[in-house]
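Good morning, and thank you for coming. Please take a moment with the sequence and the structure on the screen, and then we shall go through them together.

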Amino acid sequence: LGTAPLVAWHFHRFQLIGPIANLAVLPPLGVIIGYGLLAAGFQSIFPDVSSLFLAADWVLLRVYLLNVVKFFADLPFAYLAFPHPSLSWIFGYYTVMVSAPVLLQKLKIKYLGPIAYLIAMGLTLVIGQFTSVEQVREDIRITFFDVGQGDCILVEFADGREMLIDGGPRGSTQFSVAPYLQARGLEKIDAVVVSHTDADHIGGLTDLQPDFEFGVLYMPYLTYTSNLNRCFIEFADSVGTPVELLSFGDTIPGFPEFSVLWPDTTAVSSAGSLLVGPNEGSIVLMLNYGESRVFFTGDIAISTENKIAEIADIECDIIKVPHHGSKYSTGSALLEETTPLLSIICVGAKNRFGHPAERVIEDYERAGSVILRTDRDGAVFVTLGQDEFTYISHSGDTGHFSSTAQPIPKFIE
């Protein structure tokens, strides 16, 4: 109980199963530490004996302890997801924790004292749940996460709707996206859009699936492109998550602000079969909010950019730069048609692909667009109004634009 506010502040959860789990976890720890000390003591004298103790430790750690911890962690209600607590609630929590025993003692409540104390602390936690929820906003908030070499974008609407576009590579969301969602008090994401099924877009979603409910899952095609792709869809089916296809001209139920610009029937058949490479079959979206427009491009290349420019209006204020800034993306037609004020590149530091290409950076700079990169600037937070938007990056870069403004082209030698 004493560390609950600190755990909620940093990890956005309160462990309910901890006291019970400790009954199974703590006793073997003494044996494990003892065997480790014996192994160290015998190492220089009887190495074979030392190896036996180390082998016993391995069995206790790998076979017993890790499986026991996983068992308790996977139990329903093993922990309580907690929004980011306020400092006033933390002060109130510790005040109740310290003063309640004194009050109960003065009231001379003996036998029911511990129960009353636990009830008081439980009510304090419930109050923290409600007081930590953020107030309703009027604007749309868009978060471009830093997940390394991959894409992961959260769109939060003023009325409480949420859409997650991609999930980055495996292992990337557990320490960046999941804590952020928990800090927002989110346990369910209304819609998850998979732009395409490459591992750097779908992998992190498999890490989120056990802990967050997906209202509906939108895919560009039904073709399995990898075992990871297959496992992801099978898990969605097993928990009853609806899986729907999106293609050019579709509207997204519950999200009328989005227009689907790709794929068309030249990239994905009407039956959902992929006819091109996964990148060229990416779902491409335009978010329209008053005069403000945000362009989500997946991993399309120049040839697909040109096709989209022919069939749709792609002028925008903010663009998620296609394919992490690859040299095979961002053609002249894209820049001429989009004229973005802000260009965001989701990319990993020192990646093996050489993203973003120098030519791409220069083209956006020449077009007068502000460029932010997640590998250098960290996560990017955009607040989108109907006729303006502001942004701030984790590194501290900030800016404000009118949505009716135009970028000023620059001359670069």
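In which strand is the place of Ser-292? Ser-292 belongs to strand S13, which covers residues 292-296. Please bear in mind throughout that what we are looking at is a predicted model.

Is Ser-292 buried or exposed? Its relative accessible area is 0%, so Ser-292 counts as buried. Leaving out residues up to four places away in sequence, Ser-292 touches Leu-287, Asp-317, Leu-384, Gly-385, Gln-386, Asp-387, Glu-388 and Ser-403.

Now consider the strand as a whole. S13 is mostly covered, with 5 of its 5 residues buried. From S13, Ser-292, Val-294 and Phe-296 point one way, while Arg-293 and Phe-295 point the other way, and all are buried.

What are the partners of this strand? On one hand there is strand S12, residues 284-289, which pairs with S13 in the antiparallel sense over 5 bridges. Within that pairing, Asn-288 stands opposite Arg-293 of S13. S12 and S13 form a hairpin, with 2 residues between them. In the turn, Gly-290 has a positive phi of about 65 degrees. On the other hand there is strand S14, residues 318-320, which runs parallel to S13 and is joined to S13 by 3 bridges. Here Val-294 stands opposite Ile-318 in S14.

These strands are part of a sheet. It is an open sheet formed by 6 strands in the order S11-S12-S13-S14-S15-S16, and its pairing is mixed. Which strands stand at the edges of this sheet? They are S11, residues 258-262, and S16, residues 370-373. Each has a single partner strand, so one side of each is left without a neighbour in the sheet. On average, neighbouring strands of this sheet are turned by 15 degrees against each other, if direction is ignored.

Ile-345 has Arg-373 in S16 as its bridge partner.

Helix H9, residues 302-311, lies across S11 and S12 and runs at about 125 degrees to S11. Helix H11, residues 358-366, lies across S14, S15 and S16, running at about 145 degrees to S16.

I now turn to another sheet. How many strands form the open sheet that runs from S10 to S19? There are 9 strands, in the order S10-S9-S7-S5-S4-S3-S17-S18-S19, and the pairing is mixed. S10 (243-245) and S19 (398-402) stand at the edges, each with a single partner strand, so one side of each has no neighbour in the sheet. Ignoring direction, neighbouring strands here are turned by 20 degrees against each other on average.

Met-219 stands opposite Leu-245 in S10. Helix H8 packs on this sheet, touching S9 and S10, and its direction makes about 145 degrees with that of S9.

H8 also meets another helix. Two packed helices are described by the angle between their axes and by the distance between those axes. For helix H7 (residues 199-208) and helix H8 (residues 227-238), the axes come within 10 Å and cross at roughly 40 degrees. That angle makes H7 oblique to H8. The crossing in which H7 passes H8 is left-handed. On the H7 side, Ala-199, Ile-202, Gly-203, Leu-205 and Thr-206 take part, and they meet Leu-228, Asn-229 and Phe-232 in H8. The residues of this contact divide into 5 nonpolar, 3 polar and no charged.

Tyr-180 has its place in helix H6, residues 177-183. Its relative accessibility is 13%, and because buried means under 20%, Tyr-180 counts as buried. Apart from neighbours within four places in sequence, Tyr-180 is in contact with Arg-141, Thr-143, Phe-145, Leu-154, Glu-156 and Phe-381. Tyr-180 and Phe-145 are 35 residues apart along the chain, and their C-alpha atoms are separated by 9.6 Å.

Finally, let us step back to the chain as a whole. The chain holds 12 helices and 19 strands. Its C-alpha trace spans about 75 × 60 × 50 Å along the principal axes. Of the 413 residues in the chain, 47% are buried. Among contacts with a separation of 6 or more, 67% are accounted for by residues 24 or more positions apart.

Thank you for your attention.

Technical notes: Residues are numbered from 1 along each chain as its sequence is written. This is a predicted model: local features need pLDDT of at least 70, side-chain atom pairs count only at pLDDT 80 or more; totals for chains, interfaces and linings use all residues. Side-chain values use heavy atoms; hydrogens and water are left out. Axes are lines fitted to C-alpha atoms, for helices over the stretch in contact, and angles run from 0 to 180 degrees between N-to-C directions. Helices (H or I, at least four residues) and strands (E, at least two) are DSSP runs, numbered from the N terminus. Angles under 35 degrees count as roughly parallel, over 145 as roughly antiparallel, 65 to 115 as roughly perpendicular and the rest as oblique. A crossing is left-handed if the near helix is turned anticlockwise from the far one by less than a right angle, and right-handed if clockwise. Contact means heavy atoms within 4.5 Å. Ala, Val, Leu, Ile, Met, Phe, Trp, Tyr, Cys and Pro count as nonpolar, Asp, Glu, Lys and Arg as charged, and the others, Gly among them, as polar. Two strands pair if DSSP finds at least two bridges between them. Buried means under 20% relative accessible area, exposed over 50%, partly exposed in between (1.4 Å probe, protein chains only).
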